[in-house]
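Here is a short report on one protein chain. Look over the sequence and the fold before reading on.

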Amino acid sequence: MNGLLAVDHLKKHFPVTKGLVLTKVVGWVKAVDGVSFTVRAGETFSLVGESGCGKTTTAKVVLRLEQPTAGRVRFQSHDLAALSGVPLQEYRASVQALFQDPYGSLNPRMRIGTIVGEPLVVNRRMTRQEMRERVRELLHLVGLHPRTANLYPHEFSGGQRQRIALARALALNPRLIVLDEPVSALDVSIRAQIMNLLRDLQQQLGLAYLLIAHHLGTVRYMSHRVGVMYLGQLVEKASAEALFVNPLHPYTQALLAAALPSHPDAPRQKIILTGEVPSPLNPPSGCRFHPRCPHAMPACAAVEPQLKPIHDGHEVACHLYEQGI
């Protein structure tokens, strides 16, 4: 797979143990189970799905906060598992993160200038004056006045704190930023400002984004391509336009049907899913969505569907689109 970031058959399973002294592994939580996608330079690729589907775990593996159980992640053709020393330091500089909670991601005891400049202290050799100039430049880049460098996080609103966190993420000139629900904790009136800022910076700096989100409006506005996850697996991948205009997988159709329409009078398709999301500790055989799928066939319970191209880069893992079944 070609791209700035390539995730290939990634699996991340967490052990379930029993006992306090003599612990014994009694099962595995299959949080991510065979996910593959690429993020190209300068684009936004989004992972969307219900809570617990494996989106954030995938992001943690990309950030090397978790080690994969199987599969591999490559950045600019370099295998992350093989990186150490200077190449690993370069990777950490090239891949940054913007987290969901702007109140928890900033140290309340540090001034803004110190927070934004901290990556420079660790990774760059700069004079104090050069660092001050770089911090002022970064604050201006995200729409904040340079004098805010002398203030503390508690003196800012949630939207301003997210701008500060973004300035910190941009300090080392990254190629890719992992956006983990970057606007879900913000007031609705502020979300559009942050999304517009992210899009403007992407065009200005040539950034790539891996967006983790559950809000479909955010995904549609921000994304070039989208991957839909269900119970640790990708069930559909497509361009954002194709996915929202013509969703193919029954789960994607149900997700879009449950979202609020852009206009109150717009026609809506009602799709009601029965049952609950199965446990990743013991996922269903075959297609993991089949116990809740309104179109389930006998083959769905027996054979696990694979992601296959349908047309124009639109891929879906569903037996409805396989000939002979």
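What covers the buried residues of helix 2? The cover includes helix 1, strand 4, strand 6 (95–98) and strand 7 (176–180).

## Basis of the model

This is a predicted model, in which local features need pLDDT of at least 70, side-chain atom pairs count only at pLDDT 80 or more, and totals for chains, interfaces and linings use all residues. Residues are numbered from 1 along each chain as its sequence is written, and side-chain values use heavy atoms, with hydrogens and water left out.

## Overall build

The protein chain has 10 helices and 12 strands. Both are DSSP runs numbered from the N terminus: helices are H or I with at least four residues, strands are E with at least two. The radius of gyration is 21 Å, close to the 20 Å that the globule rule gives for 325 residues, so the chain is as compact as a globular protein of that length. That radius is taken over C-alpha atoms, and the rule is 2.2 Å times the number of residues to the power 0.38. Along the principal axes, the C-alpha atoms fill a box of roughly 70 × 60 × 40 Å.

Of the 325 residues, 47% count as buried. Buried means under 20% relative accessible area, exposed means over 50%, and partly exposed lies in between (1.4 Å probe, protein chains only). The chain exposes about 16800 Å², and carbon and sulfur atoms supply 51% of this area. Areas come from the Shrake-Rupley method with a 1.4 Å probe. Among contacts (heavy atoms within 4.5 Å) with a separation of 6 or more, residues 24 or more positions apart account for 65%.

Four strands form an open sheet in the order 2-1-4-5, with antiparallel pairing. Strand 2 (24–39) and strand 5 (78–79) stand at the edges with a single partner strand each, so one side of each is left without a neighbour in the sheet. Pairing requires at least two DSSP bridges between two strands.

Strand 4 (residues 70–75) and strand 5 run antiparallel and are joined by two bridges. Phe75 has His78 in strand 5 as its bridge partner. The loop between strand 4 and strand 5 holds Gln76 and Ser77. Neither is a glycine, yet phi is positive, at about 50° for Gln76 and about 70° for Ser77. Gln76 is partly exposed at 36% relative accessibility. Ser77 is exposed at 64%.

## Helices and packing

Helix 1 (residues 55–62) lies across strand 1 (5–18), strand 2 and strand 4. The helix runs at about 110° to strand 1. Axes are lines fitted to C-alpha atoms, for helices over the stretch in contact, and angles run from 0 to 180 degrees between N-to-C directions. In helix 2 (residues 85–94), the buried residues are Leu88, Tyr91, Ala93 and Ser94.

Is Thr252 buried or exposed? Thr252 is buried, with a relative accessible area of 2%. This residue lies in helix 9 (residues 250–258). Neighbours within four places in sequence aside, Thr252 is in contact with Val228, Val235, Glu236, Leu243 and Pro247.

## The hairpin of strands 11 and 12

Strand 11 (residues 308–311) pairs with strand 12 (residues 314–316) in the antiparallel sense, over three bridges. Pro309 has Glu315 in strand 12 as its bridge partner. The two strands form a hairpin with two residues between them. In the turn, Asp312 has a positive phi of about 50°.
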